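Please open the structure in your viewer and keep the selection panel at hand.

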Amino acid sequence: MDQPMSDTVPALECRNVGRTFMIKRGLFAEKQPLKAVDGINLKVNRGEVMAIVGESGCGKTTLAKMMLGLLPPTTGEILLDGIPINSVSVLDIAKKVQPVFQDPYSSLNPRKTIEAIISLPLKVHDIGTPESRRARVEEYMRLVGLPKRLIHSYPSQLSGGQRQRVAIARALIMEPKIVVCDEPTSALDVSVQAHILNLLQDLRKELNLTYAFISHDLAVVEHLADWVAVMYLGRLIEFGRAADIFRDPQHPYTRALLDSVLTPDASLGLPEITLGRGLPNPLSPPSGCYFHPRCPDMRDECSQRKPQLIETDNRLVECHLYSET
Amino acid sequence: MAADTVLEVENLSVDIDVPAGTLHAVTDLSLTVAKGETLCIVGESGCGKSITSLAIMNLLPRKATLTANKLSLEGHDLLSLSEKEFAKLRGDQIGMIFQDPMTSLNPVFRIGDQLEEVYLEHGKGNRKQARERAEYLLEKVGIVAPVERMSQYPHQLSGGLRQRMMIAMTLMCDPTLIIADEPTTALDVTMQAQTLNLLKSLQKEFNAGLILITHDLGVVARMADRVMVMYAGRAVETGTAIEVFDQPNHPYTQGLINCIPVPGRTKPGSKLGSIRGIVPALVGDIDGCMFRNRCDFVSDKCQSGDIALKEISLGRAYRCLLSLEESRKNLEIVGAA
C-alpha cells in the first residue's frame with residue numbers, strides 16, 4: 001500500500017531509519033547494542049498528520065528526536081522536503097521543524113522568564129525588535145490560553161498545564177512547516193487540550209502545516225491523524241489510514257491498544273486487557289516476533305521466525321497472522 | 001451518618017495565604033464516601049481536587065488554613081487530632097496513591113524494606129509478619145516473583161510495576177479509605193486499564209472507600225460509583241457516574257464532556273467543543289458564579305450573590321441558577337455544537 005503519490009515530495013520522510021544505542025550495564029560490563037528504532041519507513045505529506053503510537057519505550061521519542069535533527073540515525077536517512085536532514089545546518093532545520101515535547105518540566109529553562117522562553121526562537125533567528133517580539137509572545141500566550149500576567153513569571157511558578165502551554169507557544173511562534181509533537185497534550189487539562197487540538201488543526205489548515213504527532217492517547221489520535229503508525233519495540237508493526245486502523249485494527253497489539261481506550265461511557269466497566277506484562281527487555285528482544293510473549297494470538301512460528309512488514313487490506317502489518325502464502 | 005460511611009466531610013474550606021491576599025483553594029465542600037464505594041473527584045488543574053485530598057490527610061502546606069464543620073473517618077473526628085495522631089492515621093487507615101510512583105518512593109531503599117516499613121511503623125506486627133504481608137500483597141497486585149522484586153530498588157521497576165507496588169504499599173495496613181490522586185496518569189494506556197482493574201478489584205476485596213482524583217473523564221466514567229465535578233474550589237455537580245455523564249446539568253460539566261474526542265462519537269477532524277476563557281483567580285473576595293466568565297448561558301443573575309448547590313435528588317446536585325429544564329435544553333445545544 002502506498003500513500004497517494006503526489007507531485008510534490010513528502011514533507012517528511014524516513015528511509016529505513018534506525019537508531020542503535022550502545023548501553024553499558026555495570027562498571028565492567030561490555031557495551032550492548034539497544035535498537036531503539038529499527039528500520040522505519042514513513043512518509044508524511046504536506047498538510048497531513050501522521051500519528052505515531054505505542055507504549056513508552058517503543059522508540060517513539062527517539063524517532064521524534066531524529067526527525068528534529070537532534071539525534072543522528074545510525075542507519076537510513078531522514079528527508080525534509082526531499083533534502084537529507086544531515087546536509088542542512090541546525091538553524092535551517094529549526095526553521096522547518098519545531099518540537100513540542102512531552103515533559104514541560106524538563107523542556108523549559110527554569111531560570112528564564114516565560115517571555116524569554118517563548119521569544120527565544122525569534123531571538124536566535126534574529127527576527128523582530130524586542131518590542132515586536134514581546135507583542136508576538138503576548139499573542140501566542142493568548143492563543144495557548146496563558147494569562148498575560150505570567151509573562152514575567154518563571155516556569156516554577158506555573159502549573160504543569162501552563163508549562164506545556166508555554167512549550168507549545170514556543171514551538172508555534174516560528175510558524176514552522178513541520179511540528180513534531182511528542183505527547184503534546186497528555187499533560188494538559190481536557191478543556192485546554194480541546195483548545196490546543198483545535199488550534200493545531202486551525203494552524204494546520206491555515207499554514208498547511210505537517211504534524212508528526214506522537215501520542216498514546218488514541219482518542220486524540222483518531223480525532224487528529226490522517227495516518228497512524230503503530231510502533232512496538234522499535235519496529236513499525238502496523239501502518240495505514242487512521243480511519244482504517246480504528247475501524248479494523250489488524251495487528252493483535254493494535255487491537256489491544258484500541259481496547260484499552262477508556263471512552264467516557266459510564267454504562268461500561270473497565271476493559272479486560274489480555275496483554276501479558278510490559279515491554280520485554282529491549283537489550284535482549286524476544287526471538288521471532290518481538291510481540292509474541294504478550295500476544296493473545298501467538299502461534300508456533302511467532303517465536304521462531306521474524307514476521308515481515310506486508311501489505312494487506314489497504315495497510316502494512318508485521319504479523320504472521322496475515323502472512324499466509 | 002449511614003452505617004457504612006467511611007469518610008464524612010462537611011463544609012470544608014481551605015484558604016491559603018499568598019502575597020496577593022487570600023486564595024480560596026476549596027470553598028464549602030461536602031462529601032461522603034462509603035465502604036467499597038468509589039467517589040471520583042474530577043476537574044481541571046487548580047480546581048482544588050488535590051488540595052481537598054491533602055486537606056483530608058492533613059497534609060496541607062503551612063500557609064493553608066482549614067475550616068470545616070465536620071471531618072470524620074469512620075465516625076471519629078479528625079479535626080481535633082494532633083499532627084502526631086494524624087501521622088499514625090496516614091498509611092494506616094488512610095492509604096494514599098500518588099501520580100508519580102518514582103517521587104513517592106525512596107530511591108535508596110529496597111522495595112521490600114519500604115513496604116515493610118509502613119507495617120512496622122504502624123506497629124502492626126514484627127518484621128517476619130511484615131515480610132509475609134508484603135509478599136502476599138505483591139502477589140495480589142500481580143507482581144510475579146515477589147521475593148526477588150523485594151530486594152530490588154524502585155528504579156529497577158517499570159512505571160506500571162512501581163504503581164502496582166504503590167498499591168500494595170497502600171494496602172499494607174488494610175486501610176478503610178484509599179485516596180488515589182491521578183494514579184494512572186503516568187502510565188501507558190494498556191497499563192492504565194490493567195492498573196485500574198486491579199485497584200478496583202482490590203478496593204472491593206478490602207472493602208475500602210476510594211477517592212479517585214483525576215482529570216480523565218474516561219477513567220471517571222469507568223471507575224466511579226459517584227462523581228463530584230469541581231470547579232474553582234467548589235463542587236459544581238454531583239451524582240452517580242451514569243447521571244453525570246448522561247445528563248450533565250452544570251454548563252461546566254456539559255462543556256467538559258463535550259470537549260474530549262470520543263472514538264465513534266466525535267467526527268475525526270471536527271472542531272472539538274471547548275470552554276472559552278481561563279480559570280478565574282481565586283484570590284480575594286469571591287462573589288457570584290465562578291464559572292460565569294466562561295459560561296455560554298450566563299445572565300445578570302450570575303454576577304453576584306451566593307450560588308448554592310441545588311439538590312435534585314439524594315446525592316444529585318448542581319451549582320447553577322438555571323432550572324433543570326433550562327439546563328436540559330442547553331445540553332442539546334452544547335451536544336449539537
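Axes here are lines fitted to C-alpha atoms, for helices over the stretch in contact, and angles run from 0 to 180 degrees between N-to-C directions. Helices (H or I, at least four residues) and strands (E, at least two) are DSSP runs, numbered from the N terminus. This is a predicted model, in which local features need pLDDT of at least 70 and side-chain atom pairs count only at pLDDT 80 or more, while totals for chains, interfaces and linings use all residues. Residues are numbered from 1 along each chain as its sequence is written, and chains are lettered from A and ligands numbered from 1 in the order in which they are written.

**Stop 1: a helix pair in chain B**

Select residues 111-121 and 127-140 of chain B, which are helices H4 and H5; they pack at an angle of about 120°, with their axes 9 Å apart. That angle makes H4(B) oblique to H5(B), given that angles under 35 degrees count as roughly parallel, over 145 as roughly antiparallel, 65 to 115 as roughly perpendicular and the rest as oblique. H4(B) passes H5(B) in a right-handed crossing (left-handed if the near helix is turned anticlockwise from the far one by less than a right angle, right-handed if clockwise).

Now show the side chains where the two helices meet: Gly112(B), Leu115(B), Glu116(B), Tyr119(B) and Leu120(B) of H4(B) are in contact with Arg127(B), Ala130(B), Arg131(B), Arg133(B) and Ala134(B) of H5(B), contact being counted when C-beta atoms, placed from the backbone, lie within 7 Å. By class, this contact has 5 nonpolar, 1 polar and 4 charged residues, where Ala, Val, Leu, Ile, Met, Phe, Trp, Tyr, Cys and Pro count as nonpolar, Asp, Glu, Lys and Arg as charged, and the others, Gly among them, as polar.

Stay on H4(B) and colour its buried residues, among them Ile111(B), Gln114(B) and Val118(B); buried requires 20 or more other C-beta atoms within 10 Å of a residue's own, with C-beta atoms placed from the backbone. The buried residues of H4(B) pack against H5, H6 (146-150) and H7 (159-171) of chain B. Just after H4(B), Gly123(B) takes a positive phi of about 60°.

**Stop 2: the sheet of chain B**

Next, select the strands of chain B, of which 8 form an open, mixed sheet in the order S7-S8-S9-S3-S10-S11-S13-S12, two strands being paired if DSSP finds at least two bridges between them. S7 (94-97) and S12 (310-313) stand at the edges with a single partner strand each, so one side of each is left without a neighbour in the sheet. The twist averages 20° from one strand to the next. Zoom in on S11 (residues 234-240) and S13 (residues 316-318), which run antiparallel and are joined by 2 bridges; Thr238(B) has Ala317(B) as its bridge partner in S13(B).

**Stop 3: where the chains touch**

Show both chains: 42 residues of chain B are in contact with 40 residues of chain A. On the side of chain B that touches chain A, H8(B) gives the most, with 9 residues, and the residues of that side divide into 21 nonpolar, 15 polar and 6 charged.

Finally, select helix H9 (residues 252-259) of chain A, whose buried residues are Pro252(A), Tyr253(A), Thr254(A), Ala256(A) and Leu257(A). What covers them includes H8 of chain B, together with elements of chain A such as strand S3 (49-53) and helix H7 (218-224).

Methods:
Buried ≥ 20, exposed ≤ 12 C-beta atoms within 10 Å, placed from the backbone.
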